[in-house]
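Here is a brief report on one protein model and its ligand. Take a look at the sequence and the structure first.

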Amino acid sequence: MIYLDNAATTKPDINAINYAKGFLLEKYYNPSALYRNGIEVANSIKETKQNVLKFLGGVNFDVVFTSCGTESDNQAIFCAVKRGVFVTDKGEHSAVYKSFLELKNRGNTVLFADLNKDGSVNIDSLIDIIRNNKVDFVSIMHVNNETGAINDINAIARAIKSINKNIVFHSDGVQAYGKLSYKLSNDIDLYSISGHKINALKGTGALLINKRIKIAPFLIGGGQENGLRSGTENVFGIKVFDFASKNHYNNITENFNYVKKLKEKLISKLDKDLFYIISSKDSSPYILSVSAIGLKGEIVMHLLEEKGIIVGNGSACSSKSPFSRVIESCGLGKDILSGVIRISFSIDIKEEDIDLVADELNSTVKDLKRIIK
Ligand code: PLP
């Protein structure tokens, strides 16, 4: 099987699991306990936080471990600003997008900036909103999970704050962490990351919080994580996350260049009469969004599955529209919208796998077109 849905989730790293196993079976103590064993575990969690901050250059940030990227996004969106005007863009993952719809249900004003054709946020549209409204909170994702488009969040945060320095700026970094080399600027207030996108476990995420920001807890209880996220810490998950993060950051440029080569190879081999390439040249090399023009992406996905190739299709459709909300917002035609396939890479994929994947993609789509005619 060739697994090409790594933007959805990745295979857990067995070395990370082995590294953390001691925290599951031996050092299982409560990190809030006052005896030595508990204190040691608490110190180990602190060490992981320091590592995360080191990778992201976040000297001005604190880290709160959460259960996933979705929880991190929710805490940022619901707990930093009580009421007001909230701005995001049309390309956000549901963890942000649907939270904004909920903000609206609760009586807040929510505004959505437009997208460019590749899924990146349209800066003119965003700045226009910021200039013409008394905005309290902005959330712009770092890497779009459907198209791989990269938003320059440091530049965006700077531009926004030069208009209104009181805006709280959040970014969903779930598809960027461990994959792109970057440092968070001090203009970023909140940043979400998730473990299972980088070969750690499902059920681990984190929210980085700029020290100047006051944020309320999302979970209330025993006061863990400096009162910001109650609940006994998932120590095993956090330590797997620690190892997986180190592994990714130690090889970040090498990995980036390798998957870039895979992506470019696949693009060059796809029959351009059959496929429209949605992802732009400067998108994250980990994500390639294409469309089998005029066909249904879901059907192509299932046909590939029968051949042992796993890809994603245009993200979860709602009952209102058969198309991906995000790709639809890129302003592409119906013929392209229906056929979206997301291919997302990892360093486990071999170069020769790409030859096979390209051949199967081309032949599957060609055959399907012939049958449909
Ligand atoms: N944000 C983005 C951009 C994502 O791609 C995802 C998952 O696909 C999430 C948030 C949600 O992360 P999690 O599955 O850890 O809740």
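An open sheet of 7 strands runs in the order S2-S8-S7-S6-S5-S3-S4, and its pairing is mixed. Strands pair here if DSSP finds at least two bridges between them. Helices (H or I, at least four residues) and strands (E, at least two) are DSSP runs, numbered from the N terminus. Strand S2 (61-66) and strand S4 (109-113) stand at the edges, each with a single partner strand, so one side of each has no neighbour in the sheet. Neighbouring strands are turned by 20° against each other on average, direction ignored. For such angles, axes are lines fitted to C-alpha atoms, for helices over the stretch in contact, and angles run from 0 to 180 degrees between N-to-C directions.

This is a predicted model: local features need pLDDT of at least 70, side-chain atom pairs count only at pLDDT 80 or more, and totals for chains, interfaces and linings use all residues. Residues are numbered from 1 along each chain as its sequence is written, and side-chain values use heavy atoms, with hydrogens and water left out.

Back to the sheet. Strand S5 (residues 137-139) and strand S6 (residues 168-172) run parallel, joined by 3 bridges. Phe-137 stands opposite Val-168 in S6. Helix H2 (residues 36-56) packs on this sheet and touches S2, strand S7 (190-194) and strand S8 (205-210). Helix H6 (residues 153-163) also packs on the sheet, touching S5, S6 and S7. Contact means heavy atoms within 4.5 Å.

A further open sheet has 5 strands in the order S1-S11-S12-S10-S9, with mixed pairing. Strand S1 (2-4) and strand S9 (275-277) are its edge strands, each pairing on one side only. The twist averages 35° from one strand to the next. Strand S10 (residues 287-292) pairs with strand S12 (residues 340-344) in the antiparallel sense, over 5 bridges. Ser-291 has Val-340 in S12 as its bridge partner. Helix H8 (residues 252-269) lies across S9, S10 and S12. Helix H9 (residues 297-306) packs on the sheet and touches S10, strand S11 (309-313) and S12.

| H2 | S2 | about 120° |

Polar contacts are pairs of N or O atoms within 3.5 Å. A polar side-chain atom of Thr-70 lies 2.6 Å from an oxygen atom of the ligand. A polar backbone atom of Gly-69 is 2.8 Å from a ligand oxygen atom. The protein covers 89% of the 390 Å² of accessible area that the ligand has on its own. Such areas come from the Shrake-Rupley method with a 1.4 Å probe.

Conventions: A polar contact is a pair of N or O atoms within 3.5 Å; within protein, one must be able to donate a hydrogen and the other to accept it, and residues adjacent in sequence count only if both atoms are side-chain atoms.
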